[in-house]
Amino acid sequence: MTAAPDLSPGTLPLRPELVGLEPYGAPQLDVPVLLNVNENPYAPSEQVVADVAAAVAEATRGLNRYPDRDFVGLRADLAAYLEVESGVHRGPEQMWAANGSNEIMLHVLQAFGGPGRTALSFAPTYSMYPEYARDTSTAWVVGRRAEDFTLDPEHARATIAAHAPSVVLLASPNNPTGTALPLDTVRAVLDAAARVPGGCVVVVDEAYGEFRRAGTPSALELLADHPHLAVSRTMSKAFGLAGARVGYLSASRELVDALRVVRLPYHLSAVTQAVARAALRHAPELMAQVGSLRAERDALVTWLRTRGLQAADSDANFVLFGRFDDRQAVWQGLLDRGVLVRVTGPEGWLRVSVGTPAETAAFQDALVEVTGR
């Protein structure tokens with residue numbers, strides 16, 4: 001008799017570079033104070049809930065049909081929002097959206113990365129970037145940020161010249177440090193990218209852009225003069241829509257059209273589109289809430305420094321703080337007191353999301369107990 005084939009997990013033809021890897025994700029623990037994944041701590045208001053519910057009900061009536069695969073209405077609404085938020089006019093054809101800014105980045109790497117190509121960023125930065133590269137068989141290279149987490153333009157130029165990437169990913173404000181990039185630094189990167197043989201796309205990831213401090217510009221201001229630049233945003237943070245999964249990008253029409261080639265058909269459901277458009281109608285209310293979170297963040301930075309700790313200047317809705325000889329012990333001590341923060345960034349640092357005043361107070365009390373200062 002012929003032996004039955006071995007169908008155990010170890011015989012699956014998994015790509016070699018994936019063997020032994022664990023899925024990405026921060027710990028999801030049931031504790032009273034969750035300050036580890038940079039969520040907006042405020043749930044949508046009842047007015048927003050009612051508007052979203054009505055929009056979803058209307059969309060549900062047509063769920064027997066496929067959604068608008070180019071979501072023209074949503075793209076127009078996103079462009080109108082950016083014009084108010086940043087003063088930059090964009091047309092619907094210069095906008096793109098997807099299942100969170102994660103899928104936006106994956107689309108970029110699918111279109112412009114791939115075997116024989118390189119994606120580049122500057123560490124420390126968002127830990128998902130190398131995974132986008134891995135998933136698209138794109139080589140991954142990192143330069144370094146300075147000790148204060150800024151990016152030296154000359155180092156950026158030299159790194160780009162040395163590696164000739166097809167994609168450069170710049171997080172601004174940066175995750176996990178909260179550091180925003182001056183536009184002159186972005187211009188230096190764009191200038192270096194323009195000299196790469198075969199072309200290079202530069203993506204400025206502004207997932208936390210709405211939280212930037214007064215006077216901190218957006219890279220959206222550079223789009224008109226740089227057709228190889230894309231600026232991404234998300235509705236997860238400022239809009240408090242992490243559960244809706246809506247990210248978006250603005251770029252030249254040509255760049256957006258390239259992303260349309262690689263996206264899966266109907267990748268944004270009718271329900272997702274309805275939720276996003278309803279939330280955008282409440283942008284003024286939600287942006288007012290962002291202002292209170294900015295104030296809470298700035299107060300938290302000041303408080304941490306008065307306790308003798310380091311805290312990075314932040315233009316995001318989180319603060320990187322330290323340094324600790326044993327950050328894991330501090331993390332565990334906070335967790336034991338019901339407060340979950342994130343172990344991320346350079347050795348010795350932790351990251352805490354900005355919560356409600358009550359959550360921030362709980363974090364502060366716990367940190368004093370753990371550190372004794």
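In the predicted model, Ala311 has Phe321 in strand S10 as its bridge partner. Helix H9 packs on the sheet and touches S9, S10 and S12. The direction of H9 makes about 5° with that of S10.

Strands of a sheet pair through backbone hydrogen bonds, in either a parallel or an antiparallel sense. Here, S9 and S10 (residues 318-322) pair in the antiparallel sense, over 2 bridges. The sheet is open and has 3 strands. Their order is S9-S10-S12, and the pairing is antiparallel. Strands S9 (310-311) and S12 (350-353) stand at the edges. Each has a single partner strand, so one side of each is left without a neighbour in the sheet.

Two packed helices are described by the angle between their axes and the distance between the axes. The axes of H9 (residues 283-306) and H11 (residues 357-371) come within 11 Å and cross at roughly 10°. Angles under 35 degrees count as roughly parallel, and the crossing therefore makes H9 roughly parallel to H11. The crossing of the two helices is right-handed.

By class, the contact of H9 with H11 has 7 nonpolar, 2 polar and 1 charged residues.

Definitions and conventions. Residues numbered from 1 in each chain as written. Predicted model: local features only at pLDDT ≥ 70, side-chain atom pairs only at ≥ 80, totals over all residues. Heavy atoms only, no water. Axes fitted to C-alpha atoms, helices over the stretch in contact; angles between N-to-C directions. Helix = DSSP H or I, 4+ residues; strand = E, 2+ residues; numbered from the N terminus. Parallel < 35°, antiparallel > 145°, perpendicular 65-115°, else oblique. Left-handed = near helix turned anticlockwise from the far one by under 90°. Nonpolar A, V, L, I, M, F, W, Y, C, P; charged D, E, K, R; others polar. Pairing = 2+ DSSP bridges. Contact = heavy atoms within 4.5 Å.
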